[in-house]
Amino acid sequence: MTFKLGRRAFIAAAAAFGLVGPIAGPVAADGHKVVDSIHFLIPGGAGGGWDGTARGTGEALTAAGLVGSASYENMSGGGGGKAIGYLIENADSQHGTLMVNSTPIVIRSLTGVFPHNFRDLTLVSGTIGDYAAIVVGKDSPLNSMSDLLAAFDANASGTAIGGGSVPGGMDHLVAAMVMEAAGKDALSVKYIPYDAGGKAMAALLSGEIAALSTGFSEAVALADAGEVKILGVTADARVAAYDAPTMKEQGIDTTFVNWRGFFAAPGLPDDKLAMYQDAIAKMYDTPEWEAVRARNGWVNIHNSGDDFKTFLEGQEKVIGDLMKKLGFL
């Protein structure tokens, strides 16, 4: 089974649904402050993709002078549902807060992990895409996807793949997609969930799991430090941030990019929403953002407001159809 949602395929598929707005920012930053401060609410623990996206965005916005100051709060629980519930229940006092989220907000509402979905929030902006990767520890005997597939064939239950999301969540879905595309039974994959990418990476380094399904940006720093080996990346072509082989060049015909973006409390005043959207749009043309983006190997995918809503509705259908094929729904 092939699931193509890499950069080109992602944008082409989205365009077919009329889903994606301009790629990168249409407005040049002029150095003037747009927003006094932003409090970033992060639905998972430190070290995960949500954490890195919120902190990287805050870093770029403040360094570029578009936002006066940024603060951060990690609120784990319920596969991201705790933070969503908190934002909704305390909406009137959270007008200064932006919550980061990504593909899991679609997946977890489809599977009923939490009762809310993106329609219960104010949609601010889709911001970036992050490829997925399968990685192993530096001392692992596995050096390629072929090695991992051979280990799986020899002992599927003993070749556990971990991830920083709940069963049926993003990291699980990526592992299943990759194995399915490699001709294996995706439902035979032994998946072990952890609370965010940091804990999952610790489990990998301790030998608790054989491999880790994670965001490419989360793996790059540890790969640069020689702590992990990146066996395969779900990109169409090798990514400049780190020279690791793609799944496709290893004969596994699948690509994927996980979007990330920002949401606000329901009932956010229109003027506040416009300021947040303006700051993010201007951010794309700053060298401060380009430094953060390049460092993490992210793809600029910018869609704002109604375009963001249309995109999410389209992804809800695409992801839902895929999960049904894999038996997750």
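**Close-up views of a predicted model**

**View 1. Thr-103 and its neighbours.** Leaving aside residues up to four places away in sequence, Thr-103 touches Met-170, Phe-256, Asn-258, Trp-259, Gln-315 and Ile-319 (a contact means heavy atoms within 4.5 Å). Thr-103 sits in the loop between strand 4 (97-102) and helix 4; helices (H or I, at least four residues) and strands (E, at least two) are DSSP runs, numbered from the N terminus. Its relative accessibility is 0%, so Thr-103 counts as buried (buried means under 20% relative accessible area, exposed over 50%, partly exposed in between, with a 1.4 Å probe and protein chains only). This is a predicted model, where local features need pLDDT of at least 70, side-chain atom pairs count only at pLDDT 80 or more, and totals for chains, interfaces and linings use all residues. Residues are numbered from 1 along each chain as its sequence is written, and side-chain values use heavy atoms, with hydrogens and water left out.

**View 2. Helix 6, a mostly covered helix.** Eleven of the twelve residues of helix 6 are buried, among them Met-170, Asp-171 and His-172. From its first C-alpha to its last, helix 6 reaches 16 Å, close to the 16 Å expected at 1.5 Å a residue (the expected span is 1.5 Å times one less than the number of residues). Just after helix 6 comes Gly-183, with a positive phi of about 90°.

**View 3. Helix 2 and the glycine that follows.** After helix 2 comes Gly-65, whose phi is positive, near 80°.

View 4. On a 1 Å grid over the protein atoms alone, a pocket is an open set of points where a 1.4 Å probe fits, with protein on both sides within 12 Å along at least five of seven lines, and lining residues have an atom within 4 Å of a point. There are 34 lining residues, and Trp-50, Arg-108, Gly-164, Ser-165 and Asp-171 lie nearest the centre. Helix 2 (49-63) and helix 6 (170-181) are among the elements that each supply at least two lining residues.
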